[in-house]
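Here is a short report on a two-chain model.

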Amino acid sequence: MSPRSLLTDFELMILLAALRGGDEAYAIQVAREIASTAGRQVQLGAVYAALKRLEEQLLVEAWTGEPTAARGGRAKRYFRVTSRGLDAVRSTQQALVALWSGLPQLQERRS
Amino acid sequence: MTSSTFWVQAAVRLVERFTPDGEALAGDLLEEHANGRTAVWVWWQALGALVAVVWPSAPSEIRPLTLVEAQPAEAYARANVLLRRPVDINLGTNPAGHVGGLGITILAALAGHRAPVLLWFLVAAIVSGAVLGVIRIRRGRGLAASRAIVPLRG
């Protein structure tokens with residue numbers, strides 16, 4: 001799959017939330033981070049699907065941890081944003097900031 | 001096994017069987033349930049994951065501009081016909097080929113006789129299959145209408 005230069009809003013949220021999770025982010029943590037920071041409730045399935053897509057584009061790398069009893073003997077999947085993922089976040093940020101700038105409609109009203 | 005545990009296990013097995021990264025997601029659901037999430041929440045997440053498998057939200061690609069003036073005039077009409085052609089959508093309860101409705105009915109009756117709770121699964125599958133089918137048809141029509149190709153003027 002050929003990488004795109006810009007991310008979708010959901011992909012951007014996922015990457016930013018994963019970055020907040022450090023080097024061992026996982027899906028529940030990402031979903032919680034998006035809910036608490038952006039106020040958007042997301043489905044775990046949607047988070048996994050987006051992370052899979054980002055992994056195929058080499059924007060995140062994933063690995064499987066050890067199975068635990070609390071998870072019914074199932075392993076946890078961890079994610080880390082790659083340097084390529086960081087570049088994609090920066091490119092998207094620059095593009096969005098450029099689009100935002102110079103718009104009088106979006107300037108704060110001062111009373 | 002309590003009723004709640006049974007339903008959670010059923011959702012977990014569905015997720016594990018039918019979704020990519022199913023093991024990790026199943027573990028997440030079990031962990032969250034152990035941390036106080038309800039069986040309804042687990043099912044909501046499981047259904048969301050299954051829907052994401054059926055309709056992956058493909059990100060819209062940025063495509064290069066094409067030289068539309070070089071296309072023959074009838075190319076637009078041909079492309080629009082292709083976009084609007086009907087798509088076969090199976091609204092039946094049977095995803096397997098070469099197994100008729102009678103076979104499914106007999107299987108359901110046998111399974112229901114053995115474990116009556118399975119009949120509720122069958123009813124839920126029929127209802128949700130029909131609803132998902134109708135949604136997919138409506139979505140397909142919407143996409144076909146929005147994708148209509150119009151030649152650029154001026």
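## Fold of chain A

Helices (H or I, at least four residues) and strands (E, at least two) are DSSP runs, numbered from the N terminus. By that rule, chain A of this predicted model has 4 helices and 3 strands. Their order along the sequence is α-β-α-α-β-β-α.

Of the 111 residues in chain A, 39% are buried (under 20% relative accessible area, 1.4 Å probe, protein chains only).

## Nonpolar core

The largest nonpolar core holds 42 residues. Such a core is a set of buried Ala, Val, Leu, Ile, Met, Phe, Trp, Tyr and Cys residues joined through side-chain atoms within 4.5 Å. A:Leu7, A:Ile14, A:Val30, A:Leu44, A:Val47 and B:Leu29 touch the most other members. Elements giving two or more residues include β3 (77-81) of chain A and α2 (22-34) of chain B.

Beyond its neighbours within four places in sequence, A:Val47 is in contact (heavy atoms within 4.5 Å) with residues including A:Phe10, A:Ile14 and A:Val30.

## Interface

Chain B gives 24 residues to the contact, and chain A gives 21. The two chains bury about 2,000 Å² between them; this is accessible area (1.4 Å probe) lost on being put together, summed over both. Carbon and sulfur atoms carry 51% of it.

The interface has 6 salt bridges (a side-chain nitrogen of Lys or Arg within 4 Å of a carboxyl oxygen of Asp or Glu). B:Asp28 and A:Arg71 form a salt bridge at 2.8 Å, N to O. On the side of chain B that touches chain A, α2(B) supplies the largest share, 10 residues.

## Conventions

Residues are numbered from 1 along each chain as its sequence is written, and chains are lettered from A in the order in which they are written. Local features need pLDDT of at least 70, side-chain atom pairs count only at pLDDT 80 or more, and totals for chains, interfaces and linings use all residues, while side-chain values use heavy atoms, without hydrogens and water.

Definitions and conventions. Buried < 20%, exposed > 50% of the residue type's maximum accessible area, 1.4 Å probe, protein only.
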